[in-house]
Amino acid sequence: EGGGSGGGASGGQGEALDAALACAAEAMSDVEDRIIRAKAEQICEVLMRCGKVVSEHVPKSMRYVGKCLARCASGASAEAGEKHGKRAFQATLNLTIDGRPKVRKTAVFAVSDVLRRTRGSAIGATYCGMVAAYAEKIGGAPEREAAELQKARGAAGAKDARARATAAATEALYMLGAMKTVLPELVEPAAGMCVDACAGLLDLDEPLLTQHATEALLALANSPESCASADTVSGMMRPIVTVANANLKTAPVMVISLARLLARAQCKLHAIDVAESTKALPSTFHALVKLFASPHEGVATEVAEDLVLLVRSCVDTNMVQEGIKAIATARAKGKDKPSKPPAILSIASSIEESIGFRYRGAWAMSIPVATVAFVRLGPASGPILAGTLNALGEMGEHASELMCKQQLQDCITAAIQAIGPEQVLQSLPLKLEEAINAEISSREAED
């Protein structure tokens with residue numbers, strides 16, 4: 001503190017303090033937890049006082065203060081040092097929305113490290129709850145301040161309200177930046193609360209907030225170590241679909257990110273709970289297929305890649321067997337299809353819809369999805385993808401006019417390899433017979 005008196009530290013004093021704090025942070029990383037707990041009150045008090053001086057006189061050294069605070073927090077337990085651990089953790093958490101990028105970055109990694117070290121403990125659950133409260137408070141501020149801005153009266157009032165709204169949006173951006181690293185480390189119910197806070201920022205008509213909220217949620221979906229529950233993941237999928245549809249015509253880059261997030265969230269759900277994934281998969285498939293209506297080719301390309309991912313990752317043997325059983329039962333009753341189609345048949349309907357005339361502008365991207373489905377389902381493709389075969393036949397009648405002849409040919413080839421040429425010929429129009437015969441001849445030549 002003496003080095004900071006007189007309104008500012010000289011260059012030499014500042015460097016010395018920076019070096020001292022760097023050494024302290026390094027040393028504390030090797031100190032045993034029991035020692036941290038025994039001295040928690042004194043350590044926390046010194047760090048708080050030091051932080052005030054450093055923040056004013058040597059701002060760059062705050063990153064080391066943040067590391068020391070985090071070590072104090074990670075060394076605490078519910079039985080000893082909890083009060084001071086919470087104080088240190090809250091101070092570190094506050095630094096994640098600091099205006100200095102290096103301080104923010106260090107604080108974010110420090111918070112993440114504390115959560116990782118304390119996962120599964122009572123103090124760890126307490127820290128997760130503190131993160132959730134922080135996310136809810138900061139995540140809800142932009143909407144509240146925007147509402148206040150609408151109510152502002154007079155030039156001075158509007159100016160103050162605008163400044164508060166800008167500050168709230170900036171802090172929300174910083175919070176979302178922190179969530180990209182911290183969110184995968186949280187346990188329930190804190191994980192669900194933070195996901196809700198991030199998802200609530202998707203539809204504020206602020207592209208930057210939407211982008212960073214999408215990236216934060218994507219970090220959770222992509223993390224193999226996340227402890228998020230099936231309810232948390234399925235809950236975040238609903239607002240994704242809503243925002244994607246609302247921006248389909250006007251914000252292609254945003255829609256691409258949201259489509260990717262939706263597919264990864266579905267894969268995450270499948271990894272957590274197969275039964276819940278099976279329930280959600282038809283809706284996810286249908287929502288993605290609707291995005292083929294975008295006039296932007298990049299959106300169609302991303303959607304096709306996401307649908308292929310879902311077919312390969314989330315369509316399993318049990319799902320296919322249930323579909324075959326439902327078809328057999330319906331036919332035994334003299335019906336064309338089950339009254340309540342199982343998940344795989346709903347997915348098949350979406351695939352058929354994707355190569356329908358409505359989405360003709362995206363055929364070059366959507367047909368390969370059907371190709372992957374034939375490969376994935378194999379012999380089961382016959383009854384399950386019968387509608388898709390018929391759609392391919394209708395498309396093939398105008399093959400000479402299509403710009404996607406190669407994709408169509410590849411898809412028919414996959415169908416032949418999956419269910420055999422005879423069954424394919426029964427489903428396709430006679431106009432395609434020559435093309436099918438050529439494919440048969442090619443296969444015989446290879447044999």
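The structure is a predicted model. Its largest nonpolar core has 142 residues. Two cavities of 30 Å³ or more are counted, and the largest pocket holds about 400 Å³ of space.

**Nonpolar core**

- Within the largest nonpolar core, the members that touch the most others are Phe89, Val131, Tyr134, Met179, Phe292 and Ile384.
- The element that gives the most to this core is helix 12, residues 252-272, with ten residues.
- When neighbours within four places in sequence are set aside, Ile384 has contacts with Val320, Ile324, Ile327, Ile344, Leu345, Ala348 and Leu377.

**Largest cavity**

- Rolling a probe the size of a water molecule over the atoms shows where empty space is left.
- The largest cavity contains about 50 Å³ of space.
- Its lining is made up of Val311, Val315, Ile344, Ile347, Ala348, Ile351, Ala373, Arg376, Leu377, Ile384 and Leu385.
- By class, ten of these lining residues are nonpolar, none is polar and one is charged.
- At least two lining residues come from each of helix 16 (343-354) and helix 17 (363-377).
- Helix 16 has the largest share of this lining, with four residues.

**Second largest cavity**

- The volume of the second largest cavity is about 40 Å³.
- Around the second largest cavity lie Ile240, Val241, Ala244, Asn245, Leu258, Ala259, Leu262, Ala287, Leu288 and Leu291 as lining residues.
- Helix 11 (230-246), helix 12 and helix 13 (274-290) are the elements that give two or more residues to this lining.
- Helix 11 provides the largest share of the lining, four residues.
- The lining of the second largest cavity has nine nonpolar residues, one polar residue and no charged residues.

**Helix 16**

- Helix 16 has twelve residues, so at 1.5 Å a residue it should span 16 Å; the end C-alpha atoms are 17 Å apart, which agrees.
- Its buried residues are Ala343, Ile344, Leu345, Ile347, Ala348, Ser350, Ile351 and Ser354.
- Ile344, Ile347, Ala348 and Ile351 also belong to the lining of the largest cavity.

**Largest pocket**

- The largest pocket has 20 lining residues, and those nearest its centre are Lys337, Leu345, Pro383, Ile384 and Gly387.
- Two or more residues of its lining are supplied by each of helix 15 (317-332), helix 16, helix 18 (381-384), helix 19 (386-396) and helix 21 (421-427).
- Helix 16 gives the most to this lining, with five residues.
- The lining of the largest pocket divides into eight nonpolar, eight polar and four charged residues.

**Second largest pocket**

- The second largest pocket has about 270 Å³ of volume.
- It is lined by 16 residues, of which Ala25, Ser29, Lys67, Arg71 and Asp113 are closest to its centre.
- Helix 1 (11-28), helix 4 (62-75) and helix 6 (101-118) are the elements that give two or more residues to the lining.
- Helix 6 gives the most to the lining of the second largest pocket, with six residues.
- Eight of the residues lining the second largest pocket are nonpolar, three are polar and five are charged.

Definitions and conventions:
Residues are numbered from 1 along each chain as its sequence is written. This is a predicted model: local features need pLDDT of at least 70, side-chain atom pairs count only at pLDDT 80 or more; totals for chains, interfaces and linings use all residues. Side-chain values use heavy atoms; hydrogens and water are left out. A nonpolar core is a set of buried Ala, Val, Leu, Ile, Met, Phe, Trp, Tyr and Cys residues joined through side-chain atoms within 4.5 Å. Buried means under 20% relative accessible area, exposed over 50%, partly exposed in between (1.4 Å probe, protein chains only). Contact means heavy atoms within 4.5 Å. On a 1 Å grid over the protein atoms alone, a cavity is a set of points where a 1.4 Å probe fits but cannot get out, and a pocket is an open set with protein on both sides within 12 Å along at least five of seven lines; lining residues have an atom within 4 Å of a point. Grid points are joined across faces, edges and corners, and a volume is the space filled by probe spheres set on the points. Ala, Val, Leu, Ile, Met, Phe, Trp, Tyr, Cys and Pro count as nonpolar, Asp, Glu, Lys and Arg as charged, and the others, Gly among them, as polar. The expected span of a helix is 1.5 Å times one less than its number of residues.
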